[in-house]
Amino acid sequence: MAVTTTNILEERATSISSKQRKGISCEKESVSGAVSQRACVYCGARVVLNPITDAYHIVHGPIGCASYTWDIRGSLSSGSELYRNSYSTDLRETDIVFGGAVKLTAAIDELMEKANPAPKLIFIYATCIVGVIGDDVDAVCRAAEAKYGIRVIPVKAPGFSGTKSLGYQMACNAILEVMRPHREQKKRFGINILGDYNLAGEMWIIKRYFEDLGIPVISTITGDASYESLTQAPSATLNIVQCAGSSAYLAECMDEELGIPYVKVSFFGVEDTSASIIRVADALYAAGACDDGIPARAREFAAAQTAKVMPVIEKYKPRLAGKKAAIFVGGGFKAISLIRQFNELGIKTVVVGTQTGKKDEYAVIESLVDGDTIVLDDANPAELEQFMLEKGADILVGGVKERPLAYKLGVAFCDHNHERRHPLAGFAGIENFIKEINMSINSPVWQYLGKEAAV
Ligand code: SF4
């Protein structure tokens, strides 16, 4: 049954569910006026491509688009730091009247002349106004590729052309463009990790697990990726997909075009991390890519790591049991892992929402939570506020946009998004997560709530 209250826009009612669930309305454009927390199409594309460490990113549009997505992730690099820069054609009124293609060509020429090291890969993002005035961005990119012998890839992503999910898809298409000339490679034993952005070095933690098990990681897409490593991705035996929301489409295309099958994984929480490591080993064995030693080692490794982390869980559980959590994250897969992780700690999830969750992910979410838990797609701050107060949430897990909301409501907060500086993935991340949840929920600051009114 859909939830309807006086504070919810009528058009939003089917995107919120509770009690006798009949599924949730999702994977659609945001309701106008609902103050969606999603970013635009261009932003979706940029967040996926930005962590490619040695790529140059030119934003063809007004300067504001470039500033909006400049250095937005805590994604780390083991090599080049070029991706930390942002370039813009800074379109002004005269460019809008007479066209911006000449300025774009000049921007590429200037980069080729001055940039050090010389670019091997440039992404050109065409933003809203370029979609309106119709600059031939494809032609400019083709001409630049011919002139300089490097890859110049257009990402035509006007904000009005769809949702953030479309931006993810455009980024995946751009990555495929990088790989296509290298598709005819001999296959070798190893995996690509898709949809991990190396926030606070999480990719390195996961990569080490697989390398310790004897499974080489060929390419990471796109956390700590480089042009060179992306060109090697077509040689992998298997793709593993961490953030399905941004990268399942790429995995499907790579399966179809390059013959690389994929499995979905999640490295958040004991249950999902252990299951994912075993799933990858089993998939390699089932594909005939390795002997049964790797699946056996994966099971031993997962069991040993679980045994190490369990005392930490047991230590903090009594301090957290009975608390209530609200979750609002980007994709459905992360929300599923977080619900399981809270279950491991004895914390009930009372509100759970995502920006771009899919139907099948919401079905899993609804199967994991109690009937009275509120499930929301593409929520706005007013809805989150209402349901967190109604359900008595003790902590909100979200991104930077949700932090002030939680603090204003006097609710604890855990940042599980781009900007954080400490890893929450893998077994090391489980420990960090529990400690952060404990510190935030049990902070002495909450005892002063409301006291100022009495002073
Ligand atoms: S102008 Fe368009 S592309 Fe640029 S940030 Fe705004 S919505 Fe996104």
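**View 1. Domain 1 and domain 2 have centres 33 Å apart, taken over C-alpha atoms.** The contact between them takes 5 residues from domain 1 and 6 residues from domain 2 (two residues are in contact if their C-beta atoms, placed from the backbone, lie within 7 Å). On the domain 1 side, the touching residues are 3 polar and 2 charged, with no nonpolar ones. Here Ala, Val, Leu, Ile, Met, Phe, Trp, Tyr, Cys and Pro count as nonpolar, Asp, Glu, Lys and Arg as charged, and the others, Gly among them, as polar.

This is a predicted model: local features need pLDDT of at least 70, side-chain atom pairs count only at pLDDT 80 or more, and totals for chains, interfaces and linings use all residues. Residues are numbered from 1 along each chain as its sequence is written.

**View 2. The protein chain is divided into three parts: domain 1 (10–27 + 321–420), domain 2 (41–182) and domain 3 (191–308).** These bounds come from an automatic or database domain assignment.

**View 3. The residues around the ligand include Cys 40, Tyr 42, Cys 43, Cys 65 and Tyr 68.** A residue is near a molecule if its C-beta atom, placed from the backbone, lies within 6 Å of it. Helix 1 (41–49) and helix 2 (63–68) each give two or more residues to this shell; helices are DSSP runs (H or I, at least four residues), numbered from the N terminus. By class, the shell has 7 nonpolar, 3 polar and no charged residues.

**View 4. Which residues does Ile 124 contact, leaving aside its neighbours within four places in sequence?** Among them are Ile 58, His 60, Leu 104, Val 137 and Cys 141.
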